[in-house]
Amino acid sequence: MFFQESFTSSVDFPTYIPWQTLSSEVTDKLKHGSIRINRSNRVEYATIQEEGTPLLENGNRKGGDGPVTDGSIVTEAVRGGTSWPASAFLLVNAALGAGVLNYPYAYDKAGGVAFAAFLQIIMMVVLISTMLVLVYAADVNHDNTYHDVLLSLCGRRAQQCAALSILLTCYGICITFLIIIGDQYDRLFLSLYEKDFCHTWYLDRQFTITVTAILLILPMCYFQRLDFLRYASTLGIFAMLYPVFLTIYEYYKLGAAPGKIKYMPDSAVQVFVVIPVFSFAYQTHEIVVPVYACMKHRNLKDFTKATFLAMFILFFIYCFAGSFGYMTFGSLIAPDIMEQYDANDPFVLVGIGALVIKMITTYPQLVLCGRGALDGLYAEFAKLTTDQFIKGEFKRRIVVTTLWFISTVLLAVLAPNIGVVIELLGCLASVNIFIFPGLCLIALTFRTDDNLEDWKSRAKVFVACAMIAFGAFVFGVVFSKVIMYDMMSNGPKEGNHPKCL
């Protein structure tokens with residue numbers, strides 16, 4: 001059943017993808033099949049076997065039965081190839097995340113329910129187009145990862161920039177997860193003790209985030225493999241869909257008087273600020289190529305159907321979450337919708353528990369993925385040989401994991417709310433969604449028409465340049481807004497929920 005396949009592989013799926021931009025020697029050996037990347041993003045020689053399956057099985061066979069090549073992992077969802085509905089669910093489950101909690105707040109920024117829905121439809125058209133560009137580009141050299149496409153068409157520097165983007169995205173999401181943990185504790189303590197918890201040091205979010213992270217998250221981050229978390233993806237889907245149910249349930253139950261309900265955005269800047277938030281919520285571009293490579297029938301027609309189905313499901317989910325959450329609280333909405341529900345309600349308490357467990361079990365997977373990207377960049381610039389790369393893995397793993405953990409906890413404690421971090425993640429999403437696909441489209445066009453003699457070629461270059469310019473503009477506007485107004489402002493942070501005031 002494709003439901004079972006996608007549930008057991010969706011959230012973990014990106015973790016099994018070799019994000020590395022490795023040194024030339026390692027890259028060549030990957031292509032020739034003499035080494036591969038395992039589930040913990042470590043390089044292994046071809047003589048090692050994993051779970052009774054030869055490492056080179058189904059690898060590097062053009063037109064063979066095994067669609068996964070170049071070191072990708074054969075999971076239950078991709079063994080023998082996925083159908084297009086299963087591929088759609090892989091995309092959906094990869095996109096669902098912390099953005100659901102911030103979506104009602106984004107609706108307020110976007111100017112209300114109607115304008116937000118209209119903006120999402122426009123974004124979906126653009127996102128589908130750029131996803132299909134990446135898939136079309138992947139067919140040129142039969143590439144199987146996002147990085148391989150950029151390497152084939154745009155060169156190694158573009159591949160390195162993509163690895164850096166993956167690294168920063170994983171890092172930012174880790175910070176978001178820790179902030180969400182603190183938000184859930186605050187919501188619980190406020191319901192139990194009211195504002196008395198503000199004056200108790202061991203109930204303070206700085207303490208609760210730090211202790212939870214040290215005791216429950218840090219030990220898992222040092223593991224080489226995270227197979228024991230493989231089925232946590234099912235809980236992850238439940239945890240991310242549960243707030244959607246709560247927004248509908250609480251809308252009818254609370255009957256609260258909402259703040260001002262908007263019908264248009266306050267300014268054009270607010271529209272540009274919310275575009276990256278919507279982009280981040282729908283973003284699956286990093287795993288589009290691997291999912292396409294794992295399809296049973298690798299063709300543009302089937303993947304187009306999978307893409308449209310995935311976008312429709314995401315639109316349905318986000319519209320419910322954003323609309324009901326925003327209509328419940330209006331302009332009084334908090335960046336994390338769960339902050340505003342009473343934890344004495346058993347339905348809310350279940351959601352809080354599921355979210356905390358989800359954040360705890362997913363954080364180590366993101367550390368592993370980001371650590372793999374950092375490993376690859378280090379191997380690239382230090383020009384490590386394969387032996388050096390493998391021998392130094394343990395030391396790098398300890399050092400990188402420790403620094404990663406300490407820095408993310410500090411930033412999570414200092415960050416005002418998840419809205420700020422998600423806006424920054426949206427900036428990175430705009431790069432992966434607009435700039436890199438735009439570069440690939442230009443490279444593809446010049447491969448077939450060097451002099452741009454055909455009007456179709458000129459039109460493609462124009463569209464690609466527009467994509468790059470738009471992505472760069474949105475990145476600049478939002479990044480400047482976050483740095484200048486959200487982080488450096490001495491006044492009260494917009495969107496903070498003043499529980500203790």
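Q: Is Phe475 buried, partly exposed or exposed?
A: Phe475 is partly exposed, with a relative accessible area of 29%. Buried means under 20% relative accessible area, exposed means over 50%, and partly exposed lies in between (1.4 Å probe, protein chains only).

Q: What kind of model is this?
A: This is a predicted model, in which local features need pLDDT of at least 70, side-chain atom pairs count only at pLDDT 80 or more, and totals for chains, interfaces and linings use all residues. Residues are numbered from 1 along each chain as its sequence is written, and side-chain values use heavy atoms, with hydrogens and water left out.

Q: Which residue forms an aromatic pair with Phe479?
A: Phe479 forms a stacked pair with Phe475, at 5.7 Å centre to centre and 5° between the planes. Rings of Phe, Tyr and Trp (its six-membered ring) pair if their centres lie within 6.5 Å; planes under 30 degrees apart count as stacked, over 60 as edge-to-face and the rest as tilted. Both residues lie in helix 17 (residues 455-487), four residues apart, about one turn of the helix. Helices are DSSP runs (H or I, at least four residues), numbered from the N terminus. Phe479 is partly exposed as well, at 38% relative accessible area.

Q: How many aromatic pairs are there?
A: The count comes to 26 aromatic pairs. In one of them, the ring centres of Tyr103 and Tyr318 are 4.5 Å apart and the planes are at 20°, so this pair is stacked.

Q: Why does that pair tie together parts 215 residues apart in sequence?
A: Tyr103 belongs to helix 4 (residues 99-110), whereas Tyr318 belongs to helix 12 (residues 300-329). Both Tyr103 and Tyr318 are buried.

Q: Changing topic, what does the side chain of Ser191 make a polar contact with?
A: The partner is the side chain of Asp342, at 3.1 Å. A polar contact is a pair of N or O atoms within 3.5 Å; within protein, one must be able to donate a hydrogen and the other to accept it, and residues adjacent in sequence count only if both atoms are side-chain atoms. Ser191 is in helix 7 (residues 156-193) and counts as buried, at 11% relative accessibility.

Q: What is the mean pLDDT of the chain?
A: The mean is 77, and 78% of the residues reach 70 or more. pLDDT is the predictor's confidence in each residue, from 0 to 100. Over residues 1-27 the pLDDT is below 50. Where pLDDT is low, the predicted coordinates should not be read in detail.

Terms used. Helix = DSSP H or I, 4+ residues; strand = E, 2+ residues; numbered from the N terminus. Contact = heavy atoms within 4.5 Å.
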